[in-house]
Amino acid sequence: MSKNTTLNQKLFSPDVELIPTRNGYGDGLLELGKANPAVVVLTGDLAESTRVLPFSKAYPDRFIECGVAEQNMAGIAAGLALSGKIPFISSYAVFSPGRSWDQVRVSICINRANVKIAGAHTGVSVGPDGATHQALEDIAIMRTLPNMTVIAPCDYEETRKATRAAAAISGPVYFRFGREKTPVITTPKTPFAIGRAEVFQGGSDVTIFACGPLLYEALITARDLTKAGVSCEVINNHTIKPLDVKTILASVKKTRCAVTVEEHQIMGGMGSAVCELLGGRFPVPVEMVGMHDSFGESGTPAQLLKKYSMTRKEIKASVKKVLTRK
Amino acid sequence: MLIHEAKIKRLERMANTIRQDIVGMLVAAGSGHSAGPLGMADVFTALYFHILHHKPKSPSWTERDRLVLSCGHICPVRYASMARAGYFPLKTLKDLRSFGSPLQGHPELGRLPGIESTSGPLGQGSSIAVGMALAAQMDAAAWRVYAVLSDGEHQEGQVWEAVMFAANKNLSNLTFLVDRNNIQIDGPTETVMPLEPLGAKYVAFGWHVIEIDGHNIREIVEACEEAKHVSEKPTVVICHTVPGRGVHFMEHNFLWHGIPPNADQAREALGSLRTLRGKITSEHE
């Protein structure tokens with residue numbers, strides 16, 4: 001097992017820091033506000049929970065409250081972008097891009113408008129709000145759109161970096177966050193670039209591709225399995241589109257099997273994207289951990305992740321199963 | 001900028017020429033919409049030949065007024081007006097809707113310089129225009145934003161989201177021009193899904209409302225001029241038009257909303273337009 005020295009040294013410690021990924025968005029926007037006067041932030045009546053309130057106070061002239069109207073918000077952002085601004089749309093992913101998909105397709109993607117869409121409250125770990133508010137389809141509906149970049153950052157620090165990186169590239173970007181406090185996996189020193197997957201743990205028997213906060217569960221599982229003699233490679237596959245073809249193929253050519261882990265429907269998500277690549281270029285057995293064609297419900301994040309089979313237990317079982325299929 | 005009688009006469013002749021261009025384009029394309037483009041020829045002529053600050057040879061001129069066509073299906077009238085204004089050669093008009101043409105079936109940003117935004121799915125241009133007007137307001141820019149919307153398009157909730165937002169932000173640099181031709185694909189608007197009282201709805205949403213004869217060049221120009229002098233409110237100009245204007249067998253007939261004329265019908269249509277000799281001044285004339 002090769003250790004990635006840029007990761008949080010307390011990664012496997014019981015007192016690992018827990019911070020919601022959405023906080024990284026808020027902090028990243030504050031940095032951007034200072035660095036780039038073209039950056040403007042829009043929200044649809046969700047300034048606090050999407051963490052854009054500090055930006056709205058620091059840069060009131062560049063903060064646009066759109067009210068509860070996500071389709072209009074997408075179009076306004078497109079108009080702003082076509083006039084030289086760099087708009088960040090901030091809402092829950094079930095509403096934006098959930099309710100605004102056609103506007104994202106036409107006004108943003110066909111126009112190649114430089115709009116960034118931040119989808120908060122993704123996955124069943126949104127918890128008590130229930131099925132209506134748990135975005136599990138957002139990656140699928142965004143990654144099928146030409147010109148769109150799709151990112152699922154794994155922790156607070158990576159979300160902060162992704163926010164800044166999104167502003168630095170031209171064109172539409174969608175990125176998603178969770179609601180809950182989740183472990184801080186990376187540090188300011190951990191490399192991050194859109195479109196570049198990172199090997200967070202080296203191994204040779206199986207590759208685990210993960211994105212979002214569940215990457216932490218993948219790392220814990222890999223640590224345990226490696227101790228037990230199964231050499232696991234863990235890749236932080238944060239950019240779902242465009243996929244890092246080179247890193248993914250290089251790893252799978254070595255391990256010859258893969259497990260994908262994400263808090264999203266297994267249909268159309270990160271795992272699907274990996275399977276599309278492998279099916280065409282280097283077919284190997286793949287097991288997918290994610291939501292299996294179901295909606296969530298109310299409960300605690302832990303209860304829901306358990307019920308819907310997205311814990312380290314299922315990751316471990318998937319690794320064992322995929323090894324038997326090699 | 002107000003307008004002299006001699007220029008009005010010239011623009012009326014231009015609108016008639018543009019109508020003939022539209023008929024030719026639709027016949028060549030073999031598909032497309034007839035009624036809307038013919039009905040809006042006077043408004044587009046007034047925009048491209050008098051109202052807009054623009055430079056046809058420099059379509060990306062940063063200080064240009066922005067014209068967003070929200071109801072993208074009437075694009076033949078925009079294409080013909082742009083060609084006549086000097087944006088691209090007239091011969092390109094015959095390539096409407098054909099493979100590799102900059103004149104896409106619905107207008108697409110990046111395919112044709114001077115198109116400000118992709119459009120087709122209704123309602124979207126309203127928000128884009130509002131976003132542009134907001135950007136101009138934030139930057140204290142002098143350019144104005146014009147958006148052309150159809151009447152049936154107002155059945156999309158997004159239009160009203162945009163209308164509410166624009167009033168809230170006091171976007172006095174924004175003018176909507178609504179093609180009130182009373183038809184849509186399935187029939188008369190008031191049968192399919194009534195829009196009236198349309199003007200009163202805009203008033204209730206906090207807009208300045210002007211209702212005009214959409215075939216009267218002077219009224220179109222004066223309404224847009226009035227809009228410039230309204231402070232702290234966006235303006236909507238409700239342009240009462242006759243769908244298919246100038247082609248007697250298309251006028252008022254909703255069946256011509258979404259189809260082109262065949263060769264025989266086109267000959268008759270051009271005959272109908274030529275007998276008007278460019279003297280369209282009012283639907284009541």
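First, some terms: two strands count as paired if DSSP finds at least two bridges between them. Helices are DSSP runs of H or I with at least four residues, strands are runs of E with at least two, and the numbering goes from the N terminus.

Quick housekeeping. This is a predicted model, where local features need pLDDT of at least 70, side-chain atom pairs count only at pLDDT 80 or more, and totals for chains, interfaces and linings use all residues. Residues are numbered from 1 along each chain as its sequence is written, while chains are lettered from A and ligands numbered from 1 in the order in which they are written.

So, chain B. Strand S2, residues 145-150, and strand S3, residues 174-180, run parallel and pair over 6 bridges. If you want one to click on, B:Ser150 has B:Asp179 in S3(B) as its bridge partner.

Zooming out, that pair belongs to an open sheet of 5 strands in chain B, ordered S1-S2-S3-S7-S6 with parallel pairing. Which strands stand at the edges? They're S1 (66-69) and S6 (208-213) of chain B; each has a single partner strand, so one side of each is left without a neighbour in the sheet. From one strand to the next, the twist averages 20°. Angles here run from 0 to 180 degrees between N-to-C directions, with axes as lines fitted to C-alpha atoms, for helices over the stretch in contact.

Helix H9 of chain B, residues 217-228, packs on this sheet and touches S3, S6 and S7 (235-240). Contact means C-beta atoms, placed from the backbone, within 7 Å. The direction of H9 makes about 170° with that of S6(B).

Most residues other than glycine have a negative phi, and most peptide bonds are trans. B:Glu232, in the loop between H9 and S7 of chain B, has phi near 65°. Buried or exposed? B:Glu232 is exposed, because 11 other C-beta atoms lie within 10 Å; the cut-offs are 20 or more for buried, 12 or fewer for exposed, and partly exposed in between, counting other C-beta atoms, placed from the backbone, within 10 Å. B:Asn170 also has a positive phi, near 55°, and counts as partly exposed with 14 C-beta neighbours inside 10 Å.

Last, the cis peptides. One joins B:Glu196 and B:Pro197, with omega about 0°. Over in chain A, the bond from A:Lys241 to A:Pro242 is cis, with omega near -5°.

Conventions: Two residues are in contact if their C-beta atoms, placed from the backbone, lie within 7 Å.
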